[in-house]
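Trainee: I'm new to this one. Could you walk me through how to read its sheet and its aromatic rings?

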Amino acid sequence: MIEVAPASAATKKAYEGIVKSLGADDSAMFGMPAMKAEGKAFAGLFGDAIVFKLSGDAHAKALGLKGAVLFD
């Protein structure tokens with residue numbers, strides 16, 4: 001099991017701002033904070049990283065961003 005340091009205060013604040021700006025439901029999934037819409041998770045907070053569930057062109061474009069990595 002991989003140990004991940006808790007999110008910093010700055011990351012938590014940014015995450016909360018994203019949740020609010022998107023109007024997402026603030027929830028939890030697999031022990032991490034998660035954003036949900038219509039009961040389905042689409043993003044989460046993992047340490048100081050935010051993970052997203054993407055597919056197709058959005059997935060390919062996101063992986064092209066600096067610092068982007070696959071989350072498994």
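Mentor: Strand 2 (residues 32-37) and strand 3 (residues 40-46) pair in the antiparallel sense over four bridges. Strands here are DSSP runs (E, at least two residues; helices are H or I, at least four), numbered from the N terminus, and two strands pair if DSSP finds at least two bridges between them. This is a predicted model, where local features need pLDDT of at least 70, side-chain atom pairs count only at pLDDT 80 or more, and totals for chains, interfaces and linings use all residues. Residues are numbered from 1 along each chain as its sequence is written, and side-chain values use heavy atoms, leaving out hydrogens and water.

Trainee: Which residue is the bridge partner of Ala 34 in strand 3?

Mentor: That's Gly 44. In general, strands of a sheet pair through backbone hydrogen bonds, either parallel or antiparallel.

Trainee: In what order do the four strands form the open sheet?

Mentor: The order is 1-2-3-4, with antiparallel pairing. At the edges sit strand 1 (25-29) and strand 4 (49-52), each pairing on one side only.

Trainee: And the rings, how many aromatic pairs are there?

Mentor: Rings of Phe, Tyr and Trp (its six-membered ring) pair if their centres lie within 6.5 Å; planes under 30 degrees apart are stacked, over 60 edge-to-face, the rest tilted. That rule gives one aromatic pair.

Trainee: Why is the pair of Phe 46 and Phe 71 called edge-to-face?

Mentor: Because their planes are at 70°, with the ring centres 5.0 Å apart. Phe 46 lies in strand 3 and Phe 71 in the segment after helix 2 (56-63), 25 residues apart, so the pair links distant parts of the chain.
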